[in-house]
Amino acid sequence: MVIMRVFLISASIPIGVMLSPETLILLGNSAGYNGIIFYMSVAAAAVVCFICACSIFYPGSVAGEENELSLLTRGIGRFPGASLVLSARLAMTLLAATSVLVIAGYAFNEIFLYWFPNFGFAFLLLGLILICNLLRVSWATTLQMLLVVFTLLSFSILLISGLLSAPATDITPQGGEHVSLAAAAGALLLFLGFDLIINSEQKNKLIPAIVAISTIFMLFVLWGAVSRTYVPTTSLTESTLPHLTAARAVMGQNGRLLMGIVVICGATATVNGLFIYMGQTVRNLAVHELLPSFGGDTLQRLAGILMAVTIGILMMTGLAGDPKLTVYYRGALLLWLLLLAVRCLAMACQPTVSKHFSILGLAAGCTMGITSIIIWFTAEYRRDLIVFSLLVYAGGLLLVMVWPAMVKLFPKLKKIN
Amino acid sequence: MRHLVLLVTLLFTLGMASAAWSEDLIMDKDALSSMLSEPDLVVLDVRTGKDWSSSEFKIKNAMRAPVGEYKDWSASLPKDKTLVTYCA
C-alpha cells in the first residue's frame with residue numbers, strides 16, 4: 001500500500017504538469033493544424049521522450065543513481081549546468097503558473113460561477129498551493145494525487161463519450177491541414193514534464209516516468225482523434241480554447257462542465273507539481289553549495305513564498321493580458337527541452353556508461369536539441385524568443401554565482417550551509 | 001480636521017460626478033444583446049493576451065482592438081456609428 005502510494009505520488013507530478021491547460025491548447029491546435037501528421041508526430045515525440053527517460057532514469061545507468069546537477073556538473077561544468085537547471089525550471093514555474101492560473105480563473109468564472117471574479121479565483125488557487133507547500137510536503141503531494149485523479153476521471157468520461165457516440169452534425173469537409181516540420185517537432189513540447197520525478201522511497205524513477213509518458217500518449221492521441229471527429233480542423237487550429245470547443249461538441253453543456261474540471265484541476269496540478277519540484281531543485285542547489293541551505297526545509301519554504309509573491313505580482317501587473325506572455329512561456333518550454341537534451345548528452349558522454357546507453361542518450365539528446373533550435377529559429381517571434389531565453393539563462397547564471405562568490409568573500413557565511 | 005472634511009467632500013463629489021457621467025456611457029449586456037443586429041453598431045473587444053484567448057465568451061463580429069494599439073485602430077473607426085468597447 002505504501003509502495004503504491006509512493007509510486008502514485010511519483011507519477012502524479014509529471015502527469016499533472018503534462019495535463020496543463022496550455023498543453024491542451026497546443027494539443028488541440030496541433031490536431032487541427034498538422035492533420036494526419038499529428039498522430040505520427042505525437043507517437044515520435046513519445047518515443048523520443050521514452051528514450052530520454054531510459055537514458056536519464058535507467059537504474060543501471062550512472063545518471064539514474066545521481067541527481068541532474070551532479071550529472072550536468074560533470075557534463076558541462078558546475079555553473080553552466082546549475083544555471084540551465086535553475087533558469088529552465090524557475091522560468092517555467094513562474095510563467096506557467098501566471099498563464100494557467102489565469103486560464104483556470106476564466107474557466108471557473110465562465111463555466112461555474114459567473115459572479116465570481118476570475119482573478120480572485122486564480123489568487124485563491126495560488127494561495128491554496130502555497131499553503132499546502134509551506135505546511136507539509138506530504139499535503140502538497142496528496143493534493144497533487146487528488147487533482148490528477150479528478151483530471152483523469154473527467155478527461156476519461158469525455159473521451160469515452162466521444163469515442164462511443166457519433167457527432168450530431170457532419171463536420172466534413174475538413175481543411176486547413178499543413179505539413180510543417182516545426183509544427184510536427186512541437187509535439188515534443190506536449191510531453192515536457194515526464195522528467196519531474198521527485199526523490200522518494202520510489203528508487204526506480206524510470207517506471208513512473210514511463211507510466212506518465214504512456215498515459216499521456218494514450219490520452220492525447222485519443223483526444224486528438226475525438227477532437228478531429230467532432231470539430232472541423234480549421235476551427236481546432238484557430239480556436240484559442242480547442243479543448244473546450246471539442247468538449248462542448250462531444251457532450252454539450254455537460255462536456256463544458258467536465259472540461260472545466262479538467263482545466264481547473266489540471267492548472268492547479270501543474271502549478272503544485274512545479275512548486276514541489278522546485279523545492280527539490282533548490283535543495284539540490286544548496287547541497288552543491290550554490291545556494292544557502294539554512295537547515296531543514298527553510299530554503300524550500302522561502303523559495304515557495306518568493307515564487308508565489310512573484311507570480312502574484314506578475315498577475316497583478318497584467319502579464320496575463322500581455323501578448324508577450326505566450327512568447328515568454330514558449331521560451332521557458334524551449335529552455336526546458338534544451339535542459340533535457342543536455343542531460344541526455346551529458347549522460348551519453350560519461351566514460352562509465354555502456355555503449356548501448358550512450359547511443360540512446362545521443363539520439364534522444366540530439367533530437368531534443370535540434371528540435372529546440374528549429375523552434376527557436378523558425379518561430380514567428382524568434383527575435384523576442386531568443387533574447388528572452390538568453391536573458392533568462394544569464395539571470396540563472398547570475399543567481400547561482402552570487403552565493404559562492406559571497407562565501408568566498410565572507411568565509412563565515414559557510415556556516416549557513 | 002476641516003481640511004480632511006473638505007477633502008472627503010471633494011472626493012465624494014468627484015465620485016458622484018464620475019458615476020453620473022459614466023451612467024450614460026456604460027451599457028449592460030442585455031442592452032448590448034438587443035442591439036447586436038443593428039448595422040450602426042461596432043463592438044470593440046479590447047482584451048489582449050490571455051485575457052482574450054482564455055475567455056470562451058467572444059461576441060461574434062466584434063473587432064479586436066487591443067488597448068496598447070489604440071493609435072492604430074482608433075483612426076479607422078467610423079465616427080457616425082455607436083461604438084461599444086468590452087473587456088470581460
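A residue counts as buried under 20% relative accessible area, as exposed over 50%, and as partly exposed in between. The legends below refer to a predicted model.

**View 1. The loop of chain A that holds Glu289(A).** Glu289(A) is found in the loop that runs between helix 11 (242–287) and helix 12 (298–316) of chain A. Its relative accessibility is 38%, and Glu289(A) therefore counts as partly exposed. The backbone at Glu289(A) has a positive phi of about 60°, although this residue is not a glycine.

**View 2. The loop of chain B that holds Asn61(B).** In chain B, Asn61(B) lies in the loop between helix 3 (49–53) and strand 2 (63–64). With a relative accessible area of 74%, Asn61(B) is exposed. Phi of Asn61(B) is near 70°, which is a positive value in a residue other than glycine.

View 3. The size of an interface is often given as the accessible area lost when the parts come together. Chain A and chain B bury about 1400 Å² between them, and carbon and sulfur atoms account for 53% of that area. Tyr106(A), Glu110(A) and Thr240(A) supply 38% of the area that chain A buries against chain B, which is more than any other three residues supply. In terms of residues, the contact takes 19 from chain A and twelve from chain B.

**View 4. The fold and packing of chain A.** Chain A contains 15 helices and zero strands, and its C-alpha trace spans about 70 × 50 × 50 Å along the principal axes. A compact globule with 417 residues would have a radius of gyration near 22 Å, and the 21 Å of chain A agrees with this expectation. Of these 417 residues, 56% count as buried. Among the contacts in chain A between residues at least 6 apart in sequence, 82% join residues that are at least 24 apart.

View 5. Chain A exposes about 17000 Å², of which carbon and sulfur atoms supply 72%.

Key. Residues are numbered from 1 along each chain as its sequence is written. Chains are lettered from A and ligands numbered from 1 in the order in which they are written. This is a predicted model: local features need pLDDT of at least 70, side-chain atom pairs count only at pLDDT 80 or more; totals for chains, interfaces and linings use all residues. Side-chain values use heavy atoms; hydrogens and water are left out. Helices (H or I, at least four residues) and strands (E, at least two) are DSSP runs, numbered from the N terminus. The radius of gyration is taken over C-alpha atoms; the globule rule is 2.2 Å times the number of residues to the power 0.38. Buried means under 20% relative accessible area, exposed over 50%, partly exposed in between (1.4 Å probe, protein chains only). Contact means heavy atoms within 4.5 Å. Accessible areas come from the Shrake-Rupley method with a 1.4 Å probe; for residues, only the protein chains shown count as cover. Buried area is the accessible area (1.4 Å probe) that two parts lose on being put together, summed over both.
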